[in-house]
Amino acid sequence: PTPNPTPNPTPFLDLQEEYKLLQSHLTPPLLQTLVQAQYIQGPPVKQLEKQLQYLLRIPHCITTSSGTDALVIALRALALEREKKEFFQPTDEILTTPFSFVASADAILRAGATPVFADIHPQTFNLHPESIQKILRSKHNIKGLLLVHLYGQACEMDEIIKIAQKYQLFIVEDVAQAFGGKWNSQPLGTLGDIAAFSFFPTKNLGAMGDGGMIATHNPNLAHYARMLTKHGGKNKYNSQYLGYNARLDTLQATLLLAKLPFLPTLLQQRRQTAKLYQQYLQHLPQLKLPYVHPSAQHTYHQFTISTPYQQQLQHYLQQHHIPTMIYYPKLLPEMKLFQSKCRTPLPLTAAKQATQQVLSLPISPTQKTQITQQICQHIQNFFHQNT
Ligand SMILES: Cc1ncc(COP(=O)(O)O)c(C=O)c1O
């Protein structure tokens, strides 16, 4: 039966509904933390780090004030470890994707290095290993790769790790959008030298404010990263490096600890919705569904379709009270911030096309089947009317 199109606005991501679902599990520990009053570096911070280490099967997790800070600190830890310098220099290059949130690449600038942008794979929207190879074959001073597992799906890690080994490059994983994702059964964030996670409220594991984390197998990187989150010293009154106040609050750690047991369910619900979208939208000729690499376990942080009718479809859905997002409408090297501060050795053809074609559909873990069906019905109607 054809579902009736909905007159009610559908939230793009329904955090209120998620809160209602988890409220009874969040409130008691939150109150306990308030009563204990150790608001900075209280016991929940260490507990959370321990649980995340266990979950990711990695020896070092260092929580931070945001995913952005985690990226900057991860890069600066690499500069200290590999270059014996506090910051990279502008002549040091780090290769990354032009198709991401600004933080992925501005972290490179803030760590002192220069971003070099390679093209993406038109199907996965992640960095294309061939494009990385091409850039590395010409003259460069690339020290490492900053990979973004976009929309919740892993980059092609087997090929990229081979390339990194061949050219002795470090790998930073930006796992902001892909917490819980895997590559060949290995948790994302454990495949490179160091990884940055975000607990921004909309992420797969979201706090109720800003938060992030660094994960690494390398004890030296962990040591530097931990110091940099706390003013660059082993203890309060002995700063050695120019560090930050970049710790995760005890309150946020408390909430994340309480939410962590529900992560598998929340991810499962995202996958369930994705499955419905795949089922209902698979036969539309002008619409491409997300491609899932056989080695990747997608977390569907976003469910992103692509279509030459991006603008028209977004407008049509908006008229029917269905919000969608374009992640991302502009390439990073086109932003003023990066002008004359980056290198773009190759045409970014696939990335440019992605900016003009991608459209992310609502995918809250709490989204009801009926809502997903209604959204699909509207999309089908649009294509029947327009193609
Ligand atoms: C790919 C990516 N990297 C980095 C970040 C930065 O994380 P945060 O907002 O926690 O600073 C985000 C999201 O916000 C992101 O989507």
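A salt bridge is a side-chain nitrogen of Lys or Arg within 4 Å of a carboxyl oxygen of Asp or Glu. By that criterion, the side chains of Glu 93 and Arg 343 form a salt bridge, with an N to O distance of 2.6 Å. The model in which this pair occurs is a predicted one.

Domain 1 comprises residues 21-118 + 125-261, and domain 2 comprises residues 262-386. Glu 93 and Arg 343 therefore fall in domain 1 and domain 2 respectively, since the bounds come from an automatic or database domain assignment. The count of salt bridges between the two domains is one.

The interface itself can be described in terms of distance, contact and area. The C-alpha centres of the two domains are 25 Å apart. Across the boundary, 46 residues of domain 1 are in contact with 39 residues of domain 2. Together the domains bury about 3,600 Å² between them, and 66% of this area is on carbon and sulfur atoms. On the side of domain 1, the residues that lose the most area to domain 2 are Phe 117, Tyr 151 and Gln 153, which together account for 20% of what that side buries.

Polar contacts also link the domains: 19 residue pairs are counted between them, both residues being at pLDDT 80 or more. Several elements of domain 1 each supply at least two residues to the side that touches domain 2, among them helix 1 (15-36), helix 4 (102-110), strand 3 (114-117) and helix 8 (250-259). By residue class, that side of domain 1 divides into 24 nonpolar, 14 polar and eight charged residues.

The search of the whole structure finds 12 salt bridges, one of which joins the side chains of Glu 18 and Lys 259 at 2.7 Å, N to O. Because Glu 18 lies in helix 1 and Lys 259 in helix 8, this pair ties together parts that are 241 residues apart in sequence. Side chains of opposite charge can pair when their charged atoms come close.

A polar side-chain atom of Asp 174 is 2.7 Å from a nitrogen atom of the ligand.

Notes:
Residues numbered from 1 in each chain as written. Predicted model: local features only at pLDDT ≥ 70, side-chain atom pairs only at ≥ 80, totals over all residues. Heavy atoms only, no water. Contact = heavy atoms within 4.5 Å. Buried area = accessible area lost by both parts, 1.4 Å probe. Polar contact = N/O pair within 3.5 Å; in protein donor to acceptor, adjacent residues only side chain to side chain. Helix = DSSP H or I, 4+ residues; strand = E, 2+ residues; numbered from the N terminus. Nonpolar A, V, L, I, M, F, W, Y, C, P; charged D, E, K, R; others polar.
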